[in-house]
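Student: Can you walk me through this structure? I'd like to go through it piece by piece.

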Amino acid sequence: MRPQQMMERTSRPADEPQRQQVVYQQQRQQQQAGGKMCPYCGAVNEPEAMFCAQCGQPISKANCPHCGAEIDPDADFCEVCHHYIRKDVCSFCGAQLSGNEAYCPECGSPQGGVVCPTCHTMNDFAFCKKCGTALTEEARQMVKQLQKNPDFQELLEIVRDYSKLENALPYNSERDIVKEQMNAKLRERVLTLLAKDEGIEQPVIEPVESKRMTREELEEQKSVKIKMLSAILDKMAVPPMPSPVKARNFAMASKPVGVRLAWVCNFKHAMHSSPCGCAKPQMGGKWVVLGKNSTEEIKDDK
Ligand SMILES: [Zn+2]
Ligand SMILES: [Zn+2]
Ligand SMILES: [Zn+2]
Ligand SMILES: [Zn+2]
Ligand SMILES: [Zn+2]
């Protein structure tokens with residue numbers, strides 16, 4: 001259930017108006033006494049509570065240890081300064097740490113970050129935020145596991161078809177069409193001459209089928225592929241997960257290469273270049289297809 005729905009449900013005294021009224025009064029009194037009201041479910045909590053005792057949502061703000069920005073207490077990444085902020089959880093595998101390890105005892109990753117061997121970007125997470133390369137053994141296994149998923153296979157196939165269309169050359173102008181016709185005539189002449197050399201007077205010359213589509217045909221086919229792509233990306237949306245690290249890794253593993261995608265999170269419904277730029281990937285989200293000129297919508301560090 002979305003927080004919005006929860007609020008609507010609890011703030012509407014439909015069934016038992018009188019009892020509700022009493023509860024409201026109690027809550028108001030508690031609030032006056034310094035309690036903290038949960039914006040998600042309306043329950044009143046202890047003044048120093050970080051999370052709602054009723055629904056578990058964060059009701060207090062914490063501060064980023066790097067830049068001081070206000071963040072949710074269960075966020076593990078600061079969207080303002082782009083730092084991973086948990087010292088007690090390995091950002092690569094989610095294992096518990098004491099906070100002093102240079103390397104994670106579970107996955108062996110250096111806690112200072114890993115340089116991507118493909119594009120040399122420094123990374124705090126198990127997949128390169130720039131090029132998507134899997135940087136840990138667990139990440140590579142995750143990718144392998146996904147390759148067996150029929151939805152993911154279908155996704156890869158559509159992406160392959162789409163990339164082919166992206167690289168296809170449409171007729172650019174009238175001139176291209178004329179040029180192609182001239183080439184066809186030239187070919188016919190050469191083949192006729194060659195045939196005459198071999199003593200064939202009336203050679204049968206098969207015309208060359210043009211494989212090029214018109215610009216309109218190409219755009220049409222591309223938009224069909226985009227629709228298929230969006231449908232399967234919706235189907236493969238990442239559900240909420242208990243561990244932000246696992247959710248982030250799973251989302252990164254399920255990203256196909258060869259098409260421009262952005263990550264839309266369920267936290268703020270913000271568009272990130274990847275879940276590596278989201279403070280709360282544990283709430284889930286999905287990949288969406290990016291249009292040609294829509295990079296401005298993404299405000300992540302890349
Ligand atoms: Zn609550
Ligand atoms: Zn920060
Ligand atoms: Zn680890
Ligand atoms: Zn990389
Ligand atoms: Zn986000």
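This is a predicted model: local features need pLDDT of at least 70, side-chain atom pairs count only at pLDDT 80 or more; totals for chains, interfaces and linings use all residues.

Student: What about the zinc ion (ligand 2), which residues are its protein donors?

Tutor: Cys64, Cys67, Cys78 and Cys81, each through SG, lying 2.2 to 2.3 Å from the zinc ion (ligand 2). The spacing here is C-x2-C-x10-C-x2-C. The angles around the zinc ion (ligand 2) run from 107 to 113°, which makes this arrangement tetrahedral.

Student: How accessible are Cys64 and Cys67?

Tutor: Cys64 has a relative accessible area of 4%, so Cys64 is buried. Cys67 is at 35% and counts as partly exposed.

Student: New topic. In what order do the strands of the three-stranded sheet come?

Tutor: The order is β10-β9-β11, in an open sheet with antiparallel pairing. The edge strands are β10 (271-272) and β11 (285-289), each of which pairs on one side only.

Student: How many bridges join β9 to β10?

Tutor: Two bridges join β9 (residues 261-265) to β10. As one example, Val264 has Met271 in β10 as its bridge partner.

Student: Salt bridges next. How many does the structure hold?

Tutor: The structure holds 12 salt bridges. Among them is the one between the side chains of Lys280 and Asp72, at 2.9 Å from N to O. That pair links distant parts of the chain, 208 residues apart: Lys280 is in the loop between β10 and β11, and Asp72 is in the loop between β4 (70-71) and β5 (77-78).

Student: Are those two, Lys280 and Asp72, buried or exposed?

Tutor: Lys280 is buried, and Asp72 is buried as well. Both also belong to a network of salt bridges that links Lys61, Asp72, Asp74 and Lys280.

Student: Where do Arg140 and Glu137 lie?

Tutor: Both lie in helix α3 (residues 137-147), three residues apart, which is about one turn of the helix. Arg140 is partly exposed at 41% relative accessible area, and Glu137 is partly exposed at 46%.

Student: What does Lys246 form with Glu138?

Tutor: A salt bridge, with the closest N and O atoms 2.7 Å apart. Lys246 lies in helix α7 (residues 244-253) and Glu138 in helix α3, so the pair ties together parts that are 108 residues apart in sequence.

Student: Last one. Which residues form the nonpolar patch on the surface?

Tutor: Leu186, Val190, Leu191 and Leu194, with about 330 Å² of accessible area together. One of them, Leu186, sits in helix α5 (residues 174-197). Leu186 counts as partly exposed, because its relative accessibility is 46%.

Definitions and conventions:
Residues are numbered from 1 along each chain as its sequence is written. Chains are lettered from A and ligands numbered from 1 in the order in which they are written. Side-chain values use heavy atoms; hydrogens and water are left out. Donors are N, O and S atoms within 2.8 Å of the metal (3.2 Å for Na, K and Ca); water is not among the atoms, so sites may look incomplete. Four donors count as tetrahedral if all angles lie between 85 and 135 degrees; four count as square planar and six as octahedral if opposite donors are over 155 degrees apart and all others between 65 and 115; anything else is irregular. Buried means under 20% relative accessible area, exposed over 50%, partly exposed in between (1.4 Å probe, protein chains only). Patches are made of residues with over 30% relative accessible area and no salt bridge: like charges are joined within 9 Å, nonpolar side chains (Val, Leu, Ile, Met, Phe, Trp, Tyr) within 5 Å. Accessible areas come from the Shrake-Rupley method with a 1.4 Å probe; for residues, only the protein chains shown count as cover. A salt bridge is a side-chain nitrogen of Lys or Arg within 4 Å of a carboxyl oxygen of Asp or Glu. Helices (H or I, at least four residues) and strands (E, at least two) are DSSP runs, numbered from the N terminus. Two strands pair if DSSP finds at least two bridges between them.
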